[in-house]
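Thank you all for coming this morning.

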Amino acid sequence: MTARARVRNAALELFGAEGVGPVSLRAVARRAGVSHVLILHHFGTKEGLRQACDGYVISLVRDAPDARPGRHGRTGRHAGGGYGGTPLPGTGFLDSTPEAAALFDELVASTSQWLEQGVREGWVQPSDDPPARAAMHVTWLPAPLAFGEHLARSLGVTDVHDMRTLLRFSRAGIEIFTRGVFADERALEAWKAVRDERGPQCGSR
């Protein structure tokens with residue numbers, strides 16, 4: 001792995017865990033095991049580093065619509081909440097910036113295409129509301145990292161970025177997406193009862 005890639009991955013981990021604002025370039029340098037000067041050489045500024053991270057995540061997501069179940073690492077990475085051990089930037093999505101909005105929107109668009117392809121090919125269940133499902137799927141992906149402190153406490157670990165922990169919670173997520181949670185439709189029927197009681201303004205789906 002090149003020094004540039006090590007810096008990018010270190011930044012993804014720190015930005016995902018703490019958000020972009022609190023993380024300094026020196027902290028990224030320490031995590032990556034490189035000098036602060038080297039980061040400046042490759043990325044110029046923290047904003048340059050952030051844009052490189054966003055571009056990397058987007059490039060991974062753009063590859064997802066061509067994924068197939070059973071291909072080593074591809075579909076599983078998208079469903080599990082991380083790519084090749086590199087987590088999606090979780091708390092970075094909480095930043096009210098045009099960059100964060102653009103990244104989220106592109107993730108939703110790419111995920112929507114990926115899920116719809118899965119429906120056509122028979123490895124994804126149809127949805128009554130495909131746009132909402134795609135948005136919720138993307139929202140789920142960084143959630144374990146955005147709530148890293150609470151997740152670590154619940155799982156009894158110290159670092160949610162540890163590979164063993166990443167595999168643990170990504171396995172739980174993939175299980176939910178693959179097998180579901182509820183054994184019957186009682187929860188869905190309860191939702192429909194609330195919708196019908198509250199009236200059409202709550203939505204017709």
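I will go from the overall layout to the salt bridges, then to the aromatic rings and the surface.

Before anything else, please keep in mind that this is a predicted model, in which local features need pLDDT of at least 70 and side-chain atom pairs count only at pLDDT 80 or more, while totals for chains, interfaces and linings use all residues. Residues are numbered from 1 along each chain as its sequence is written, and side-chain values use heavy atoms, with hydrogens and water left out.

The protein chain has 11 helices and 2 strands, where helices (H or I, at least four residues) and strands (E, at least two) are DSSP runs, numbered from the N terminus. Read from the N terminus on, the order of the elements is α-α-α-α-α-β-β-α-α-α-α-α-α. Of the 205 residues of the protein chain, 37% count as buried, and here buried means under 20% relative accessible area, exposed means over 50%, and partly exposed lies in between, with a 1.4 Å probe and protein chains only.

Let us turn to charged side chains. The whole structure holds 6 salt bridges, a salt bridge being a side-chain nitrogen of Lys or Arg within 4 Å of a carboxyl oxygen of Asp or Glu. Which residues are linked in a network of salt bridges? They are Arg171, Glu175 and Arg179. Glu175 bridges to Arg171 with the closest N and O atoms 3.1 Å apart, and to Arg179 with the closest N and O atoms 3.6 Å apart. Glu175 and Arg171 both lie in helix H10, 4 residues apart, and Glu175 and Arg179 are likewise 4 residues apart in helix H10, so about one helical turn separates them. As a general point, an α-helix has 3.6 residues a turn, so residues three or four places apart point the same way. Glu175 is partly exposed at 34% relative accessible area, and Arg171 is partly exposed at 44%, whereas Arg179 is exposed at 64%.

Another salt bridge joins Asp184 and Arg186, with the closest N and O atoms 2.8 Å apart; Asp184 is partly exposed, at 35%, and Arg186 is exposed, at 66%.

Now to the aromatic rings. Rings of Phe, Tyr and Trp (its six-membered ring) pair if their centres lie within 6.5 Å, and planes under 30 degrees apart count as stacked, over 60 as edge-to-face and the rest as tilted. By this rule the count comes to 2 aromatic pairs. In one of them, Trp140 and Phe177 have ring centres 5.2 Å apart and planes at 80 degrees, so this pair is edge-to-face. Trp140 belongs to helix H7 (residues 130–140) and Phe177 to helix H10 (residues 163–179), so that, at 37 residues apart, the pair links distant parts of the chain. Trp140 is partly exposed, with a relative accessible area of 23%, and Phe177 is partly exposed too, at 40%.

Phe177 also takes part in a nonpolar patch on the surface, together with Ile176, Val181 and Phe182.

Note on methods: Patch = residues over 30% accessible without salt bridge, like charges linked within 9 Å, V, L, I, M, F, W, Y side chains within 5 Å. Areas by Shrake-Rupley, 256 points an atom, 1.4 Å probe, with all protein chains shown as cover.
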